[in-house]
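Please read it alongside the sequence and the 3D view.

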Amino acid sequence: MSTDLSAKEVADRLGVELATVYAYASRGSLTRRPGPDGRTSVYDADEVEALARRARPRSTRRRVGAVDVVIGTTVSEIGDGWIRYRDHDLVELAAWATFEDASTLLWTGELTGEPPLPPSDPAAVAAAERAVAALPRQASVTARLVVGASAASPWIPRATTTDTAVTAASLVIDALVAALPDRGVPASPDAPVAARLWPKLSPLPPTADRLRALDLAMVLLAEHELATSTLAVRVAASTRAKPAEVVIAGLGTASGPFHGRAAVRVHRRLAEGLGPVDHDALAGFGHGVHVSGDPRFAPLLAAVLPIATDEQRAVIERYVDRPRSAAPPNVDAALGALGHAIGAEPGATEAVFVIARTAGWLAHAFEEADEEPLRYRGRTLYRGPR
C-alpha cells in the first residue's frame with residue numbers, strides 16, 4: 001500500500017522548494033489530496049517516486065504529436081511565470097547581474113563576482129574573421145556564426161576542468177561576436193560581451209543605457225531549460241563533440257522561424273510602423289510554458305522604452321498593448337522592440353538570441369559530459385511506403 005507524504009517530505013525527496021511542489025500540483029504533475037487533519041495536503045509516495053525518477057517535468061499537458069524528452073539537470077528550472085538559473089530567480093538576478101555574471105553562474109554554479117571572463121584569444125578571433133570574410137554579403141546570421149565557430153574551433157580546448165570549461169565557453173562566444181560584420185566603431189577586445197556586440201548590431205553610440213538594455217536582454221535569454229536547441233546541443237555533447245561543434249548544433253536548430261528567429265518578425269512589424277491588428281497572427285504573444293505571462297518581457301521592455309525615440313516608443317507600445325482576450329506578450333516582443341530601438345537591421349535579434357543562449361547551451365553541454373555517452377537513442381515506428 002502506498003504511503004502518503006507531506007509537502008515538506010515531497011520537497012525533500014525531489015530536492016526542490018515547497019513552492020515548486022505546489023507548482024507541480026497545480027500543473028497536474030502531482031496529485032494533491034486533503035490530509036487527515038483536513039487542513040494540510042498529502043501526496044502519494046509512489047507518484048512522487050515516479051516523478052523523481054523521470055526528473056522535473058514541465059507539465060502533464062501534451063500537444064498532439066509532441067515528443068517529450070525529460071532529463072535531470074541542475075542548470076535551470078522553469079514554470080509558468082518564473083525562471084531560475086542554478087536556483088537563482090532570473091528576474092532578481094537580472095536586476096543587477098551582467099551577462100558575464102550570469103554566464104559564470106550557469107557554467108560553474110557560482111556567482112564569483114569577478115567578471116569579465118577570460119581574455120579572448122587573438123588567433124581564434126582572427127581565424128573567425130578571416131573565415132566569414134569569404135562569405136557573400138547576403139550570408140545569413142546563422143551561416144556567419146557557424147563559419148566563425150568552426151574556424152575558431154582548433155583554438156578552443158575541451159572542457160575537462162571548470163577552468164577549461166569557462167575558457168572554452170568564453171572563446172566560443174568571442175568567435176561568434178567576431179563573426180558578425182561591424183556597423184559601428186569596434187569595441188576593445190577586452191570589453192564586456194555586450195559592448196563588443198553593440199557595434200555589430202547598431203550604428204548608434206553605445207551609451208550606458210543602451211548597453212545596459214542589450215546586456216539585460218542577454219542575461220534574460222541566456223538559458224531556458226530544455227528548449228529545442230538545447231536538446232540538440234545535449235545530443236551533440238553526448239557524442240563528446242567539442243564545445244564549438246555542440247554550439248553549431250544549437251545554431252542550426254535555433255535558426256528556424258519558430259525558435260531563435262521569432263523576434264525577427266516582431267522587429268520587422270515595428271520597423272514597418274504597424275500596430276497589433278490580429279494578435280493571434282503576430283509573433284511575440286503567448287508562450288507554451290509561461291501561459292500567464294513571460295517574466296522576461298516586462299524587465300526588458302522597461303529597459304528598451306527609455307532608449308527609444310518618441311516615434312519608436314509609440315509604435316512599440318501600440319504593438320504590445322493587447323486586448324484582454326489576447327495572449328500576453330513574451331520576450332520575443334521585447335527583443336524585437338530592442339532591435340527597433342537601437343536601429344538594428346531586421347535579423348540582428350537572431351544574433352542577440354543565439355549568442356546569449358550559447359551560455360546556457362554550453363552549461364548543458366558541460367553537464368552532459370558527466371553522463372554516459374550516446375545516451376540518446378530514438379526509435380522509429382515504420383509506417384510503410386508513402
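Axes are lines fitted to C-alpha atoms, for helices over the stretch in contact, and angles run from 0 to 180 degrees between N-to-C directions. Helices are DSSP runs (H or I, at least four residues), numbered from the N terminus. The model is predicted, so local features need pLDDT of at least 70 and side-chain atom pairs count only at pLDDT 80 or more, while totals for chains, interfaces and linings use all residues. Residues are numbered from 1 along each chain as its sequence is written, and side-chain values use heavy atoms, with hydrogens and water left out.

**Packing of α8 and α12**

- Helix α8 (residues 162-178) and helix α12 (residues 243-254) have axes that come within 10 Å and cross at roughly 50°.
- The two helices α8 and α12 are therefore oblique to each other; angles under 35 degrees count as roughly parallel, over 145 as roughly antiparallel, 65 to 115 as roughly perpendicular and the rest as oblique.
- The crossing of α8 and α12 is right-handed, a term used if the near helix is turned clockwise from the far one by less than a right angle, with anticlockwise giving left-handed.
- On the α8 side, A168, V172 and L176 meet P243, A244, V247 and L251 of α12, where contact means heavy atoms within 4.5 Å.
- Seven residues of this contact between α8 and α12 are nonpolar, with no polar and no charged ones. Ala, Val, Leu, Ile, Met, Phe, Trp, Tyr, Cys and Pro count as nonpolar, Asp, Glu, Lys and Arg as charged, and the others, Gly among them, as polar.
- An α-helix has 3.6 residues a turn, so residues three or four places apart point the same way.

**Packing of α10 and α17**

- Helix α10 (residues 208-221) packs on helix α17 (residues 348-368) at an angle of about 55°, and their axes are 8 Å apart.
- Helices α10 and α17 are therefore oblique to each other.
- The crossing of α10 past α17 is right-handed.
- L214, M218 and L221 of α10 make the contact with V352, F353, I355, A356 and R357 of α17.
- The contact of α10 with α17 has seven nonpolar, no polar and one charged residues.

**Helix α11**

- Eight of the eleven residues of helix α11 (residues 228-238) are buried, which leaves the helix mostly covered; buried means under 20% relative accessible area, exposed over 50% and partly exposed in between (1.4 Å probe, protein chains only).
- The buried residues in α11 are S229, T230, A232, V233, R234, A236, A237 and S238.
- These buried residues of α11 pack against α12 and α17.
- R240 follows α11 and has a positive phi, near 70°.

**Aromatic pair**

- The count of aromatic pairs comes to one, where rings of Phe, Tyr and Trp (its six-membered ring) pair if their centres lie within 6.5 Å, and planes under 30 degrees apart count as stacked, over 60 as edge-to-face and the rest as tilted.
- The ring centres of F285 and Y319 are 5.6 Å apart and the planes lie at 35°, so the pair is tilted.
- F285 is in the loop between α13 (262-271) and α14 (297-304), and Y319 is in helix α15 (residues 310-320), 34 residues apart, so that distant parts of the chain are linked.
- Both F285 and Y319 are buried.

**Single residues**

- H340 is in helix α16 (residues 331-341) and counts as buried at 14% relative accessibility.
- Leaving aside residues up to four places away in sequence, H340 touches H267, L270, A271, Q312 and I316.
- V91 is in helix α4 (residues 90-94) and counts as partly exposed at 38% relative accessibility.
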